Amino acid sequence: MNDSSVLERPAAARAATVLAEHIVEVISDSGEGAQRCGQSLAAIAARMGNGIWTTEIIPAEIQPPARSVAGASGIRIRMGTSRVTNGGDDTDLVVAFNEQVLIGRVQAKELKPGATILLESMWAKHRDPAVVASYRQTVDSLRADGYDVHEVPLEERCKELVNDPRKGKNMFVLGLLCNLYGLDPQLARDQIARIFGKKDDKVIKQNVALYEAGAAWGEANLPFKYRIPANKSTEAQIVINGNTAVALGVMAAGMDICAMYPITPATSASHYLSEAFEKVGGLVHQAEDEIAACAFAVGASYAGKCAVTITSGPGYSLKQEVIGLAVMAEIPLVIVNVQRGGPSTGQPTKVEQGDLLSAIYGSHGDAPKVVLAPNGIEDCFYSMITARKIAETFGMVVVVLSDASLSTAQQPFARPQFSEDWLAPPVDQTPVPAGGKPYDWDPITGLSRRFQPGQPGGMHTLTGLAHDRNSKVAYDPAINEEGLRMRSLKLAALQKTLAPPTVFGGNDGDLLLVGWGSTMGAIEEAVTRLRGEGLAVSSMHLRFIQPLPSGIREILKRFAKVMTIEGNWSDKPEDELIDEDNRRYSALAMMLRARFLVDIDCWSEARGRPIKPADICGVARKALQGKAKS
């Protein structure tokens with residue numbers, strides 16, 4: 001369609017094009033419900049048996065200007081026949097509520113060449129001539145660049161059903177997309193009833209009507225349809241995002257207290273807990289600031305409860321002094337850091353893996369902490385169970401490094417079946433034998449019995465100062481050194497229990513890609529593609545980063561070249577001033593080079609978006625070409 005008219009004619013009967021996968025975006029101004037539309041589409045597809053992964057597109061400002069390139073708010077939905085582990089590469093089809101938010105996605109090179117665009121047409125008749133001119137120029141330019149643009153009368157059709165189309169377009173678009181991809185209408189109606197379940201029946205019926213209007217319009221007017229075959233799971237599944245998985249893991253692990261201060265992108269974990277935690281005997285405490293939240297959690301844990309505090313990078317920085325107290329006093333504490341772009345306020349809504357070194361080393365003095373990074377949404381759930389057990393068994397601070405990608409992404413996985421093994425045994429409150437000491441460190445492991453207030457024979461003064469085995473302040477050099485050594489030995493004791501990491505792909509070869517955290521799905525998809533091309537590429541993903549498990553050195557030596565793939569900063573070798581004497585490596589690469597004395601290269605990206613499999617493939621091919629030349 002090359003004129004300015006909006007498609008309003010019966011579409012010819014057409015068969016659905018069968019696809020293995022498709023990536024869809026819904027983009028709007030902030031507040032128009034694009035995320036809810038995309039989350040609902042993904043949930044419906046998942047219930048049909050499709051693999052899905054969602055990636056939210058959130059502007060950094062709370063209320064960005066309407067119709068602005070930087071204000072694009074929306075969501076990407078990757079739907080596939082088989083399991084989907086990451087957001088994929090470029091977008092196949094996008095629904096845009098205005099041309100300005102669409103321009104931002106085009107400029108960011110997020111759309112495939114020739115991608116299908118369904119664009120709200122109301123701006124072609126706007127009262128402001130400048131808006132009309134911008135709209136027409138954008139549409140003409142997109143078509144000239146080869147994009148398949150279809151203008152859709154969202155506002156006009158929604159006005160027939162609701163007074164405020166801004167509050168109805170998302171459900172109209174949901175209907176259009178469900179029809180386009182052949183998703184079950186009844187599942188869609190059930191989803192609408194679920195998301196508006198706290199409203200009255202009138203609201204639900206109104207949104208169902210909007211959905212049905214969108215489906216009817218798509219059926220009558222769009223000249224294409226798609227079908228992504230589904231493989232419905234035989235086991236019960238849930239579809240949640242990483243923050244909800246963390247919250248469920250907190251409850252499943254038997255934790256008692258969550259103390260936090262709201263911070264993007266971690267806050268939704270506390271929203272879920274605020275609704276559900278008290279039903280299992282838990283308490284959510286919203287403190288006046290990040291420092292108070294951490295102190296509350298430390299105090300609760302000292303009193304015999306198991307506490308967690310959830311935050312993001314800036315909040316983690318503020319907690320550092322209280323974290324040091326927990327380390328010195330050997331009080332169990334779980335901290336979830338949902339990483340975001342930095343430094344300072346940085347990019348609050350964008351993904352980055354920039355906090356690894358601060359999680360491990362960000363302290364005054366030597367303060368050993370356990371650091372583990374969930375590799376997916378399901379692992380966000382199970383990592384909380386692991387973290388609680390380690391914190392209480394070893395009397396340590398355990399940091400769980402999630403990130404903005406995992407926090408909002410949705411993915412189906414097998415519904416967890418509760419196990420009593422997830423819970424730690426009750427704190428031992430039996431009387432302390434005569435002569436018992438609060439820090440009676442085991443000479444091999446550094447472990448000691450956990451004392452708590454009120455325990456018969458266990459009275460002592462807790463201190464953040466250097467202390468002896470009786471918890472008495474002591475500045476003697478030998479006593480201080482003993483405390484440092486014992487706290488460090490606990491890391492070594494844990495390390496001895498960790499299984500070596502597994503290798504994805506061949507056990508040896510030309511190139512090993514090493515990652516951590518949320519990049520696993522993209523890295524392993526890239527490795528699968530590269531091995532399909534006959535390239536000897538494998539990957540290794542690290543879940544525990546402090547301490548590192550045994551066996552890594554032997555794995556690294558089996559590959560001709562090793563490279564880390566990370567979502568944080570590293571200097572680019574092609575920059576004129578950068579050489580081997582001044583190059584800054586990415587965080588994990590720096591750690592592995594120092595620990596194992598292996599020449600490990602790195603490629604990292606800190607563009608505020610999840611790393612794409614295609615980009616990893618390109619980097620790997622280039623690395624292998626360099627190997628061939630050498």
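Reader: Which strands and helix each supply at least two residues of the lining of the second largest pocket?
Author: Strand 21 (559-566), strand 22 (600-604) and helix 20 (613-629) do. Helices (H or I, at least four residues) and strands (E, at least two) are DSSP runs, numbered from the N terminus. This is a predicted model, where local features need pLDDT of at least 70 and side-chain atom pairs pLDDT 80 or more, while totals for chains, interfaces and linings use all residues. Residues are numbered from 1 along each chain as its sequence is written, and side-chain values use heavy atoms, leaving out hydrogens and water.

Reader: What makes a residue part of the lining of a pocket?
Author: It must have an atom within 4 Å of a pocket point; on a 1 Å grid over the protein atoms alone, a pocket is an open set of points where a 1.4 Å probe fits, with protein on both sides within 12 Å along at least five of seven lines. Here 26 residues line the second largest pocket, and Met563, Pro573, Arg583, Asp601 and Cys602 lie nearest its centre.

Reader: How much space lies in the second largest pocket?
Author: About 680 Å³, counted as the space filled by probe spheres set on the grid points, which are joined across faces, edges and corners.

Reader: What share of the 630 residues is buried?
Author: Buried residues make up 55%, where buried means under 20% relative accessible area (1.4 Å probe, protein chains only).

Methods
Buried means under 20% relative accessible area, exposed over 50%, partly exposed in between (1.4 Å probe, protein chains only).
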